[in-house]
Amino acid sequence: MGERDEQGTDVAMESATEAFVTHRNLLFTVAYEMLGSATDAEDVLQETWLRWVGVDFATVSSPRAFLVRITARQALKRLRTLGRRKESYVGPWLPEPLLTAPDVAEDVELADSVSMAMLLVLETLAPTERAVFVLREVFALDYDEIAEAVGKTSGTVRQIAHRARAHVAARRPRGTGTPAEHRAALQAFQTAVETGDIQGLLDILAPDVVALSDGGGVKHALLRPIVGADKVARLLAGGWWKRDAERSVEPVQINGGPGLLIRVDGEIDGVLAVRVEDGCVTGAYHVRNPEKLASVEREITVSR
């Protein structure tokens with residue numbers, strides 16, 4: 001009897017492991033969109049696994065939905081803690097950038113949902129609103145599933161979803177164009193940045209372009225947003241990184257969109273994610289905080 005029980009346990013563990021591995025990229029994406037931090041998203045996945053292996057799998061009809069609910073619940077707890085941490089953050093806070101695969105840009109909705117610009121919009125939501133918006137609008141969970149994840153009634157979740165949707169709609173970036181347009185804009189932008197060509201930058205920057213940078217109090221960064229093509233062009237032409245050093249700028253895909261990986265003396269010094277709309281750069285997000293650069297050293301897979 002004991003041997004049969006042990007065999008049954010092994011089979012259940014194998015099934016649990018297979019389900020978790022199958023949905024791991026999805027779970028990471030849920031946690032990342034809720035938190036804006038790959039490091040914290042990975043911690044949430046560890047917590048999700050520990051809870052998942054303690055579940056009575058005979059009661060689970062949909063492993064995907066069940067795992068998403070566990071992940072969302074754990075991410076929501078961490079999101080509330082992160083909010084307190086951000087209050088004492090030195091300088092502007094930007095999401096932790098991800099080096100993403102080229103095919104992410106082909107999924108317009110997914111690319112938009114993980115973009116730096118959208119993550120900054122999600123930062124303006126309260127924790128529960130953010131969780132509800134992500135689970136409903138990005139991952140299409142039904143209201144009952146979301147209610148279980150956030151500890152609210154289905155009716156309350158509907159109200160929260162409506163409020164969050166309106167909030168995001170008023171602030172979300174406009175249409176971003178095709179991947180080909182992104183590549184062309186990034187090439188022009190990179191050339192102008194590398195050569196210090198102010199006119200070239202003025203030609204590619206939108207009149208209301210916004211530049212933000214995050215050094216986390218460890219690296220030199222902007223203390224406040226810089227707005228306007230002329231100011232941003234002069235800032236970029238002057239260089240945001242150390243002079244008197246060997247530097248390289250490599251085009252990469254950051255959070256599903258165009259970006260530049262900046263190395264100084266061969267070491268990663270920062271990431272410059274670029275928002276392109278209608279062929280012009282409307283946002284430049286420069287992350288230099290060393291604690292946020294681990295996820296640009298290898299490609300991260302995100303999925304819906």
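Me: In the hairpin of β3 and β4, which residue takes a positive phi?
Reply: Strands here are DSSP runs (E, at least two residues), and helices are H or I runs of at least four, numbered from the N terminus. In this hairpin, asparagine 255 has a positive phi near 50°. The hairpin has 2 residues between the strands.

Me: What are the ground rules for this model?
Reply: It is a predicted model: local features need pLDDT of at least 70, side-chain atom pairs count only at pLDDT 80 or more, and totals for chains, interfaces and linings use all residues. Residues are numbered from 1 along each chain as its sequence is written, and side-chain values use heavy atoms, with hydrogens and water left out.

Me: How many bridges join β3 to β4?
Reply: Two strands pair if DSSP finds at least two bridges between them. Here 8 bridges join β3 (residues 247-254) to β4, and the two run antiparallel. Arginine 247 stands opposite valine 264 in β4. Glutamate 250 stands opposite leucine 261 in β4.

Me: In what order do the strands of the open sheet run?
Reply: The order is β2-β1-β6-β5-β4-β3, 6 strands with mixed pairing. β2 (226-227) and β3 are the edge strands, each pairing on one side only.

Me: Which strands does helix α11 lie across?
Reply: Contact means heavy atoms within 4.5 Å. Axes are lines fitted to C-alpha atoms, for helices over the stretch in contact, and angles run from 0 to 180 degrees between N-to-C directions. Helix α11 (residues 229-238) lies across β1 (205-214), β2 and β5. It runs at about 50° to β1.

Me: What is the volume of the largest pocket?
Reply: Rolling a probe the size of a water molecule over the atoms shows where empty space is left. A pocket is an open set of points, on a 1 Å grid over the protein atoms alone, where a 1.4 Å probe fits, with protein on both sides within 12 Å along at least five of seven lines; lining residues have an atom within 4 Å of a point. Points join across faces, edges and corners, and the volume is the space filled by probe spheres set on them. The largest pocket comes to about 460 Å³.

Me: Which residues lie nearest its centre?
Reply: Val108, Glu109, Ala111, Asp112 and Ser113, out of 32 lining residues. Helix α4 supplies the largest share of that lining, 5 residues.

Me: And which lie nearest the centre of the second largest pocket?
Reply: Arg85, Tyr89, Trp93, Glu291 and Lys292, among 17 lining residues. This pocket holds about 360 Å³ of space. Helix α3 gives the most to its lining, with 3 residues.
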